Amino acid sequence: MSSKKTIGFLVGGIMDEFTEPLCKGAIEEASGDDINIVFIPIKYINREMKDIPDLYEFQYQTTVSCIKSNNIDILIVSADNIGCLTTQENLYRFMDDLKALGIPIVLAASKIAGYPGVTFDNKSAIYDGMTYLVDELGLRNICMLTSLEHNADVAERYEAFQEMAEYYKLEIGPNSVVKTPLAFDDCKANCEKLLDLNPDVEAVICINDDNALGLYEVMEERGLVPGKDIMVMGFDNSLTGSMATPSLTTADADAKKLGAKTYTLAKRILDGWNGGELTVPTRFILRDSFGSFMDRKNVDKKILDKQYLDEYFNSIFYKFENNSKPEDFRIFLTYKALMNIIIDYVNDVEYSPERVSFIKTKTDEFFMMGALEYTDVDVLISYVDRVKAAVINRFDSYERKCQVYETFSTILKKVALTLRSDTMEYKLSMKSSMGSLKRLLEETLDFSQGGDENYITILNNLSSLGVNNAYLYMYEKPIIHRQDEIFNMPDHVLLKAAMTDGTKSIVPPSAQYIDTKHLFDNSFLTQEQYNMVLMPLYFRETLYGVILFDLNDAAFQNGDFLANQYATVARVINLL
């Protein structure tokens, strides 16, 4: 048995866009500590939105009953995430049930009275967005799409909107704020309502990116263009928002940093310190839904002024300050060197192929350092475009304008090639994962009879996905569990197969009985520090057990599919 402390981390779906960086932040922060983390995705508790099919995802909630005061030392709970489809009353009842276990609790990206935790500073980005709309663009008729669901994030974003409206003495009438569900598909009727009630609206602040993209669709149906007819701002800095046309102005809420800070707070409490409330700042991300940079008559005069290089770096590579390692400081130095070369190139008004080649070499060097990791690509591209426009405006000669255009097109091509490399790596990873799942299906269809030895196929599959530790806990008999029923975890489970530090084994029947309180700490588990995910194995209303395995990129990319396929294997073995 290990003497290590174990943190339980309750999250939504393991494949959620928000959950992955949240978990990775905690994992990276814990890398130097002798503390285990068990991530438990439970999807959405007590789903109240009956028009959204559950598809038996309620089975994920059964894994909560694996948590015991003697197998988890402290709980981190992403409460607003797992409670986003239920009422505030249901969420509070769920938290009370967790509290009754007698385990210290820390909240991640959630705020509930009586619990320590880490939240986003939701207001700062809204302040900056509205300041830009009023001071830079001169707009006054600003509306908001806020949420029907109540949580701390929603409340703070709405408060920030009201505070800025009061500060600028904007006329906010009863129709200026419309409440809507958070999800993209459910908000469109309310987007219609907002536009109908406010025909002269100039800008809309949306509670999240999904609402903003729902508004995009409604605007398109009416022949309106975001960033031209109405300015639109979202919140969350989602990938879909950055890829939308026009790209969506939003707020970046760094889930990775929040995960790291939440882990640090939990560790502090484990060490005997008092908890408290901490915040992670958000950042305003300016994109084309607030008007294209290239449409502005006066391109930023400061952009070719050397004294403002630090300011621009901090704005473009906004993740650098919080996430960079000391050795990455050379990225900042290379950026300044590159921009100094470009500015000198312009001010000297001398063109030579050698100087352009040197700029391209420095550009290569800059992106090879991993600079894109610290920026929003759309913001970077906009910046390069603005520098290009500023440089072109310095020259009257058509030939010189063409030379500048060619130089900066090369820089943009470097960005595209870097992105393409990352995308290809992701596609190859996905192709490998799909191949592994296909082989698992073929092996399962080849079973001729039941037996514990067949469980090794699951471990083989996980091994091919880069997992080194995995533990297959089965119930003695399959358990029928229907929605809204209370689930009680059996006192013990059967450990059918184990993979520890890469070594796979079928556990003999005499050693299979594992008390539930030792689910995360028994003689079969690795003695090294681990970060694992606990997934339920179920087919519709039938539960077969749970599987505990290393949380790696394959799990983030395929977690739900893996659990479904492994449940199919368990079901076939049980039937045979």
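This is a predicted model: local features need pLDDT of at least 70, side-chain atom pairs count only at pLDDT 80 or more; totals for chains, interfaces and linings use all residues.
1. Packing of H6 and H7. Two packed helices are described by the angle between their axes and the distance between the axes. For helix H6 (residues 188-197) and helix H7 (residues 209-221), the axes come within 9 Å and cross at roughly 60 degrees. The crossing of this pair is right-handed.

2. Residues at the H6 and H7 contact. From H6, the contributing residues are Lys188, Cys191, Glu192 and Leu195. They meet Asn211, Gly214, Leu215, Glu217, Val218, Met219 and Glu221 of H7.

3. Setting of Ser78. Ser78 is placed in the loop that runs between strand S3 (74-77) and helix H2 (79-82). With a relative accessible area of 1%, Ser78 falls under the 20% limit and therefore counts as buried. Apart from neighbours within four places in sequence, its contacts are Leu10, Val11, Phe18, Leu22, Ala108 and Ser110.

4. Cysteines. The count of disulfides in the model is zero. Cys187 is in no disulfide, and its nearest cysteine sulfur, that of Cys191, is 4.0 Å away.

5. Accessibility of the cysteines. Cys187 is buried, because its relative accessible area is 0%. Cys143 likewise counts as buried, at 0% relative accessibility.

Key: Residues are numbered from 1 along each chain as its sequence is written. Side-chain values use heavy atoms; hydrogens and water are left out. Axes are lines fitted to C-alpha atoms, for helices over the stretch in contact, and angles run from 0 to 180 degrees between N-to-C directions. Helices (H or I, at least four residues) and strands (E, at least two) are DSSP runs, numbered from the N terminus. A crossing is left-handed if the near helix is turned anticlockwise from the far one by less than a right angle, and right-handed if clockwise. Contact means heavy atoms within 4.5 Å. Buried means under 20% relative accessible area, exposed over 50%, partly exposed in between (1.4 Å probe, protein chains only). A disulfide is a pair of cysteine sulfur atoms within 2.5 Å.
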